[in-house]
Amino acid sequence: MFGRLLRNVFRGDDPATALPARAAEGVALYAIGDVHGEATLLRRLEAEIAADRVTHAAGLRCQVILLGDYVDRGPHSREVIEFLSGDAFAGCERICLRGNHDQLMVDFIEDPVAHGWWLEVGGALTLASYGIRASVGATDPRRLSALRDALVAALPPHHLAFLRSLAMTAASGDYAFVHAGIRPRRRMQDQVAEDLLGIREPFLSHPGPHERIIVHGHTVVGAPERHPWRIAVDTGAYMSGMLSAVFLRGEELRFLSVGA
């Protein structure tokens, strides 16, 4: 199934039980799961989306929403940020959301001692992509501060600007887009960053309803999942070799995946 369009492949609850949902009128929308430093997969998915638009989005306004976690775990975080800081997905409006790993990278820059554990969850690989050698187990405050200083020196200004500009949420019609999920029974306008960036339970097992159908990443699934009130598209690119997206147009919903 790698490297080709996946049509109507649903895992999880019976999608027939979901309420009818529509994307915004006149929009063809692609929402992409966690990239985690997999620059090659991201470029392949860009090409897949460009080809898909010819058949399924001609004459429509195109939106691409990336659900966050551009850095860590995979080998090419620097390349991913450079790619997304440029003209990626030309011809589409691009919205990049914030993931917990993206936030943690910024937190490390601001306070490396308090957030030194970033190295253990993928930060060491991100530093390596910027040419900085780091030990996963580094705890010495002076060493952590030196690593932060080296990162600041190696980080192009537009990379830091990109990381700090990331949105927390996006919406289109009956859909809302976040990195991890939402706190059930709490209005979208009242959601807090801790949940938007990191929640799993009780969101994943909550039967709904929510204000909107939630499209999210953060929790790895073997294949994209459609549930009545949420859609999961993080297929663990850094470990599975598969990067996935969901296509939304009117009431149409399809999944696209590319693999190494």
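How many bridges join S8 to strand S9, and do the two run parallel or antiparallel? I looked this up before anything else, keeping in mind that I am reading a predicted model. I found that S8 and strand S9 (residues 230-232) are joined by 2 bridges and run antiparallel. For one residue I noted the partner as well: Arg 226 has Ile 231 in S9 as its bridge partner.

Next I placed these strands in their sheet. I read the order as S5-S6-S7-S9-S8, which makes up an open sheet of 5 strands with mixed pairing. At its edges I found strand S5 (170-172) and strand S8 (225-226), each of which pairs on one side only. As a reminder to myself, strands of a sheet pair through backbone hydrogen bonds, either parallel or antiparallel.

I then turned to the helices. H3 packs against helix H6 (residues 157-165) at an angle of about 120 degrees, and I noted that their axes lie 9 Å apart.

Last, I looked at the largest pocket, which holds about 270 Å³ of space. It is lined by 17 residues, and I listed Arg 73, Asn 100, His 101, Arg 200 and His 218 as the closest to its centre. Sorting the lining by kind, I recorded 5 nonpolar, 6 polar and 6 charged residues.

Conventions
Residues numbered from 1 in each chain as written. Predicted model: local features only at pLDDT ≥ 70, side-chain atom pairs only at ≥ 80, totals over all residues. Heavy atoms only, no water. 1 Å grid on protein atoms, 1.4 Å probe; cavity = no way out; pocket = protein on both sides within 12 Å on 5 of 7 lines; lining within 4 Å. Points joined across faces, edges and corners; volume = space filled by probe spheres on them. Nonpolar A, V, L, I, M, F, W, Y, C, P; charged D, E, K, R; others polar. Pairing = 2+ DSSP bridges. Helix = DSSP H or I, 4+ residues; strand = E, 2+ residues; numbered from the N terminus. Axes fitted to C-alpha atoms, helices over the stretch in contact; angles between N-to-C directions.
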